[in-house]
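Colleague: I'd like to learn how to read a model like this one. Could you walk me through it?

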Amino acid sequence: MYRFLRLPILLVGLFMAVSSYAANDPQPTLTTEDSLGPEIQQPIEFPHNRHAGLRNPNDPTNSDPLKGGMEIDCQYCHTYARRSAVAGIPPLQKCIGCHQNIESVRNKPRIVELFKYWDAKKPVPWKKVHDLPDFVRFNHERHIKRFVEQQNRPTQEACGYCHGDVKSMTVARRQKTLSMGWCASCHEKAHPVTAAGGTPVGDQAYWYSFQKPAAKPDASGVVKAQGPNDCWQCHK
Amino acid sequence: MSVSNLLENWSQFRHTHPVDDKPHDPYKWAMSIDLDACTGCNACSIACYAENNIPVVGKERFQHGQQMHWMRIERYWDEDGREFADQGAQFLPMMCQQCEAAPCETVCPVAATNHTADGLNSQVYNRCVGSRYCSANCPFKVRYFNWYDYPTDDAVWPAEMSQQLNPDVTVRSKGVMEKCTFCVQRLTAAKSVAKSEGRIVREGEVQTACQQSCPTGAISFGNLVNPESRVHKQWQAQQVEIDKDKQTKDEKEEGSELRGYRIFEDMRPYPSVMYLERVRESAV
């Protein structure tokens, strides 16, 4: 009896299960090409995974890049992130600084290409992947101070909030929408002001925003503050 | 500011400033302009054009009332039958007064203009739909509308001229309203530096473009809640208080000897710019 209803009920049930899962997902999943931006071709296919990726778990002492990454800190190359609005692309000098001493990969095609630029005294024309619109003011320094210094989060985790899991990519690809709603979804949350091992900055350990954060700790015993949320903080 | 945040906290964004439950802390940007020092040289206006990527619209569009000068010098003439009439000119630099209870904010249908925590009247170009209601409601007439798409107008920014645009300021497109921002891009940069050092912005650390270019130093700009700041001292010396629509000093029958006043104070926009009345008879 009612055998003919089996398939519709199954389909409706599946639809509801999937849609309720999607509704609980804090960040919308990225499905369209548009939300990820265009796939950008770089002049040299820079392997982020070789440089920043985790070491080979089977052989942690071996730093041979072919068997895993080298866990180089993001800020070793993107050195301006902690002290200016932009993270910066490292100058060619920085690449050569290490690579002139790494004989083992000297004849690999990408390194040969790199040294061609060096010999021609020309910078590598890297393309911008995370390109915000001109009317947006984003400051890397503030986010590094907030999450890496004050909250003592690992650099790769803090950078990954916006840049995704770069250590597993070769050429960096945009992983988040970088839309205003996406930025605001984080700014509206109350984050702890400091954490164990973090460095509080003066008596303004939080950004002053429209809603001034409570100086008293909440029920969990942590002082939390929202990100700034007035328009001119980000729009220029 | 997402839409849900806007709707939930609507009453806060629509607060009449200044209010006791949200005192300005640690910043309230304010200005004072000494009209006695002002010579009407227009340097401030030019500096503003350069700093804020303002299009120079040309004679014809100016005559149509489509000028974009965020900072303009108003001229007033003494008509007392003097021999050289142009010696009787008085000047008044006029820009957005960053009103605490801004008439423009309450009428914007899309909340494109609202108040920031440090007492600025913000204008968000992306949110603006160009109804021009704010301009109609502004008693100072300091809001300017983009009637043309100036970035693509070859007469305004020819190819090589685009190199001199300020990258910290948006180049506005057709159909949005704009106005003086108190050089918010400089304020943001100064606040970020101060924040990293765990302090508030020091007096003199940040200047607006008009203040920087004024040859006679007529314009002072700073943090009104910082007792060390020049602006705070001037406002205090002139007994002008930001949250009053009628100053105590003016209640006396014989009036006040002090020069400080704010324009349209009795209309209760609570402007953030104080002018110091001119005392010189003329520059002769």
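Modeller: Let's start with contacts: two residues are in contact if their C-beta atoms, placed from the backbone, lie within 7 Å. In chain B, among contacts between residues at least 6 apart in sequence, 62% join residues at least 24 apart. This is a predicted model, where local features need pLDDT of at least 70, side-chain atom pairs count only at pLDDT 80 or more, and totals for chains, interfaces and linings use all residues. Residues are numbered from 1 along each chain as its sequence is written, with chains lettered from A and ligands numbered from 1 in the order in which they are written.

Colleague: Which residues touch the most other members of the largest nonpolar core?

Modeller: A nonpolar core is a set of buried Ala, Val, Leu, Ile, Met, Phe, Trp, Tyr and Cys residues joined through C-beta atoms within 7 Å. Buried means that 20 or more other C-beta atoms lie within 10 Å of a residue's own. Here the core has 55 residues, and Ile33(B) and Ile219(B) touch the most other members. Beyond its neighbours within four places in sequence, Ile33(B) contacts residues including Ala218(B), Ile219(B) and Tyr275(B).

Colleague: In what order do the four strands of the open sheet lie?

Modeller: Strands are DSSP runs (E, at least two residues), numbered from the N terminus, and two of them pair if DSSP finds at least two bridges between them. The order is S8-S1-S10-S9 in chain B, with mixed pairing. S8 and S9 (260–261) of chain B are at the edges with a single partner strand each, so one side of each has no neighbour in the sheet. S9(B) runs antiparallel to S10(B), joined by two bridges, and Gly260(B) stands opposite Leu276(B) in S10(B).

Methods. A residue is buried if 20 or more other C-beta atoms lie within 10 Å of its own, exposed if 12 or fewer, and partly exposed in between; C-beta atoms are placed from the backbone.
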